[in-house]
Amino acid sequence: SSSSAKLTSLDVPLIEGSGRIVTSQVHVNGFETKFKEEIETGDTILVHHPTSLEVEKRVVVGVMAQRSLTLDQAFSKDISSTTEYHIRKDSLKLKQKAQAQMQEEGEEGAEALQDA
């Protein structure tokens, strides 16, 4: 049943980020960005890197403000010219996983209460 496989590997939305970014190590600074509205911890930022000319992906570990966030690791080189970026909403997958785990644990907890 290939349909059930599709549900587990949820197609995560990829959205175009508002504004443009520059980076310094793991710090990302935005220009006219809306990080607080568009990005959550666990999401992935993708940039077509102006130096390496490759698409590079990094995971967001913290959103400080609309124009400031932190990544799990730096891009191959700091991005000094403002660059467009995309956001892959991997946080949605993490949330679903957490909800599923909580439901399972909740059911186990209910059974334990019945045995008491």
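1. A search of the whole structure finds 6 salt bridges, a salt bridge being a side-chain nitrogen of Lys or Arg within 4 Å of a carboxyl oxygen of Asp or Glu. The model is a predicted one, in which local features need pLDDT of at least 70 and side-chain atom pairs count only at pLDDT 80 or more, while totals for chains, interfaces and linings use all residues. Residues are numbered from 1 along each chain as its sequence is written, and side-chain values use heavy atoms, with hydrogens and water left out.

2. One of these salt bridges brings together the side chains of E40 and K95, at 2.9 Å from N to O. This pair links distant parts of the chain, since E40 sits in the loop between helix 2 and strand 4 and K95 in helix 3 (residues 90-115), 55 residues apart. Helices (H or I, at least four residues) and strands (E, at least two) are DSSP runs, numbered from the N terminus. E40 counts as partly exposed because its relative accessibility is 33%, and K95 is likewise partly exposed, with a relative accessible area of 40%; here buried means under 20% relative accessible area, exposed over 50%, and partly exposed in between, with a 1.4 Å probe and protein chains only.

3. The side chains of R88 and D90 also meet in a salt bridge, at 3.0 Å from N to O. R88 counts as partly exposed at 27% relative accessibility, whereas D90, at 12%, counts as buried. Salt bridges that share partners join E40, D43, K89 and K95 into one network.

4. R58 deserves a paragraph of its own. This residue is found in strand 5 (residues 55-65), and its side chain meets that of E56 in a salt bridge of 3.6 Å, N to O. R58 is buried, with a relative accessible area of 13%, and E56 is buried as well, with a relative accessible area of 8%. A polar atom of the R58 side chain lies 3.5 Å from the backbone oxygen of Q73, where a polar contact is a pair of N or O atoms within 3.5 Å; within protein, one must be able to donate a hydrogen and the other to accept it, and residues adjacent in sequence count only if both atoms are side-chain atoms. Leaving aside residues up to four places away in sequence, R58 touches D43, T44, I45, L71, D72, Q73, A74, F75 and S76, contact meaning heavy atoms within 4.5 Å.

5. Turning to the sheet, 7 strands form an open sheet in the order 1-7-4-5-6-3-2, and the pairing is antiparallel; two strands pair if DSSP finds at least two bridges between them. Strand 1 (14-16) and strand 2 (20-24) stand at the edges with a single partner strand each, so one side of each is left without a neighbour in the sheet. Neighbouring strands of this sheet are turned by 35° against each other on average, direction ignored, with axes taken as lines fitted to C-alpha atoms, for helices over the stretch in contact, and angles running from 0 to 180 degrees between N-to-C directions.

6. Strand 5 has antiparallel pairings with strand 4 and strand 6. Strand 4 (residues 44-48) is joined to strand 5 by 5 bridges, and V47 has E56 in strand 5 as its bridge partner. These two strands form a hairpin with 6 residues between them, and L53 in the turn has a positive phi of about 60°. Strand 5 and strand 6 (residues 68-71) pair over 4 bridges and form a hairpin with 2 residues between them. V60 stands opposite L71 in strand 6, and the bridge partner of V63 in strand 6 is L69.

7. H27 is found in strand 3 (residues 27-31) and counts as partly exposed, at 44% relative accessibility. Not counting residues up to four places away in sequence, H27 touches V22, L69 and T70. The C-alpha atoms of H27 and A74 are 7.8 Å apart in space, although the two residues are 47 residues apart in sequence.

8. The structure holds 1 aromatic pair. The ring centres of F35 and Y85 are 6.1 Å apart and the planes stand at 75°, so the pair is edge-to-face; rings of Phe, Tyr and Trp (its six-membered ring) pair if their centres lie within 6.5 Å, and planes under 30 degrees apart count as stacked, over 60 as edge-to-face and the rest as tilted. The pair links distant parts of the chain, with F35 in helix 2 (residues 35-38) and Y85 in the loop between strand 6 and strand 7 (86-88), 50 residues apart. Both F35 and Y85 are buried.
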